[in-house]
Amino acid sequence: MNEATNERLQNEVEFHASVAHREREALMKTPEDLVERYRTCKRWRTHYPECVVRLLTLQKPQNICDFGCGSGEMACRLGLLGYRVTGIDVSPDLIKVARARAVLEGVTERVQFIVADAAAAPLIDGTFDVVLAMSVVHHMPAEEAFDALERLLRPGGRIAFLEPVAYSRTLQWMRNRTPVEKDVSPDERQLNAEEIRLLGKRFVIEEMYHFHLLARLRRLLPEALSGLGERVLSHLDHALLQIPGFSHFAGVVAILARKRDCSSSPHRVSLAAT
Ligand SMILES: C[S@@+](CC[C@H](N)C(=O)[O-])C[C@H]1O[C@@H](n2cnc3c(N)ncnc32)[C@H](O)[C@@H]1O
């Protein structure tokens with residue numbers, strides 16, 4: 001491992017030690033209504049967590065990898081839905097919380113966790129039907145993440161991908177200058193159009209949806225209005241993102257992508273697809 005990689009991973013581990021502390025304090029069982037929401041994914045067009053769960057479970061996978069699983073929240077929720085999941089994360093503190101969560105949720109028979117750099121995880125190539133990459137590729141060099149995802153997937157396997165994006169340089173510039181607390185690790189960034197195009201060259205993009213346009217304003221609403229505000233803003237976003245060109249200003253993308261056969265040719269990606 002080179003020095004830059006070592007430093008990046010060290011930064012992640014240090015940053016996430018304090019995140020793990022907060023997550024341990026807040027550890028609780030998933031409410032039944034939330035499990036039900038993920039079971040049906042009825043609101044997937046307006047709520048991106050439900051969108052990514054829908055993409056992930058479309059083909060009823062036998063085994064799922066949660067790549068950069070953090071404190072195991074999604075891995076355990078998938079376990080509650082009956083799926084077999086292996087979570088990988090570089091932070092030993094977060095994996096401790098994830099294991100405690102699996103015990104609390106009663107899913108230890110189906111859900112296991114490994115501390116490792118996801119780019120070099122000690123797993124047999126082609127192990128998984130689906131890999132969930134949720135808010136993690138933007139912590140890693142994109143090529144390195146795509147190599148690892150490709151390696152972990154069985155032939156024809158799929159990635160369900162949910163990441164923050166900034167296609168517009170102006171929005172990126174504004175975000176970096178707003179005084180809102182971002183709570184991000186040192187090497188984190190939003191993915192740019194070039195990185196999404198690279199994903200389209202490496203994998204076959206089957207579905208792609210954008211979110212989070214006006215929903216960014218949610219943080220400016222008073223606490224008492226944030227639930228209602230979020231619902232209204234996410235419906236408005238859905239309507240606006242149907243307009244050609246608006247996805248350029250979105251803040252989140254959800255993608256279902258299939259591992260290429262060695263023989264298939266690169267695929268052109270339209271960022272206007274929503
Ligand atoms: C923003 S958190 C997302 C966690 C989880 N996927 C979620 O959505 O709640 C990013 C996670 O990626 C992990 N991470 C960053 N680089 C990694 C790497 N090279 N290998 C494994 N995990 C990594 C961090 O430790 C952190 O848990």
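1. Leaving aside neighbours within four places in sequence, with which residues is Val52 in contact? They are Met134, Ala160, Leu162 and Ala254, where contact requires the C-beta atoms of two residues, placed from the backbone, to lie within 7 Å. The model under review is predicted: local features need pLDDT of at least 70, side-chain atom pairs count only at pLDDT 80 or more, and totals for chains, interfaces and linings use all residues. Residues are numbered from 1 along each chain as its sequence is written.

2. Overall composition. The protein chain contains nine helices and seven strands; helices (H or I, at least four residues) and strands (E, at least two) are DSSP runs, numbered from the N terminus. Of its 274 residues, 39% are buried. A residue is buried if 20 or more other C-beta atoms lie within 10 Å of its own, exposed if 12 or fewer, and partly exposed in between, with C-beta atoms placed from the backbone. When contacts between residues at least 6 apart in sequence are considered, 78% join residues at least 24 apart.

3. Nonpolar core. Val52 also belongs to the largest nonpolar core, which has 70 residues. Such a core is a set of buried Ala, Val, Leu, Ile, Met, Phe, Trp, Tyr and Cys residues joined through C-beta atoms within 7 Å. Val52, Val131, Leu132, Ala133, Leu149 and Ala254 touch the most other members.

4. Helix α3. In this helix (residues 48-57), eight of the 10 residues are buried, among them Tyr48, Val52 and Arg54. The buried residues of α3 pack against α2 (32-40), β1, β4, β5 (153-164), β6 (203-211) and β7 (252-259).

5. Strand β1 and its partners. Four of the five residues of β1 (residues 63-67) are buried. Strand β1 runs parallel to β2 (residues 84-89), to which five bridges join it; two strands pair if DSSP finds at least two bridges between them. Within this pairing, Asp66 stands opposite Gly87. Strand β4 (residues 128-134) also pairs with β1 in the parallel sense, over four bridges, and here Cys65 is opposite Val131.

6. Helix α4. Together with β1 and β2, α4 (residues 73-80) makes a right-handed β-α-β unit. The crossover is called right-handed if, with the strands pointing away from the viewer, the path from the first strand over the helix to the second runs clockwise. Helix α4 is largely enclosed by the rest of the structure, because seven of its eight residues are buried; these include Glu73, Met74 and Arg77. Its buried residues are covered by elements including α2, β1, β2, α5 (92-105), β3 (111-115) and β4. After α4 comes Gly82, with a positive phi near 100°.

7. Ligand shell. There are 20 residues around the ligand, of which Gly68, Gly70, Val90, Ala118 and His139 come nearest; a residue is near a molecule if its C-beta atom, placed from the backbone, lies within 6 Å of it. The elements giving two or more residues to this shell are α1 (3-25) and β2, and α1 gives the most, with three. By class, the shell has 10 nonpolar, six polar and four charged residues. Ala, Val, Leu, Ile, Met, Phe, Trp, Tyr, Cys and Pro count as nonpolar, Asp, Glu, Lys and Arg as charged, and the others, Gly among them, as polar.

8. Val204. This residue lies in strand β6 and counts as partly exposed because it has 17 C-beta neighbours inside 10 Å. The C-alpha atoms of Val204 and Asp261 are separated by 9.5 Å, although these residues are 57 residues apart along the chain.
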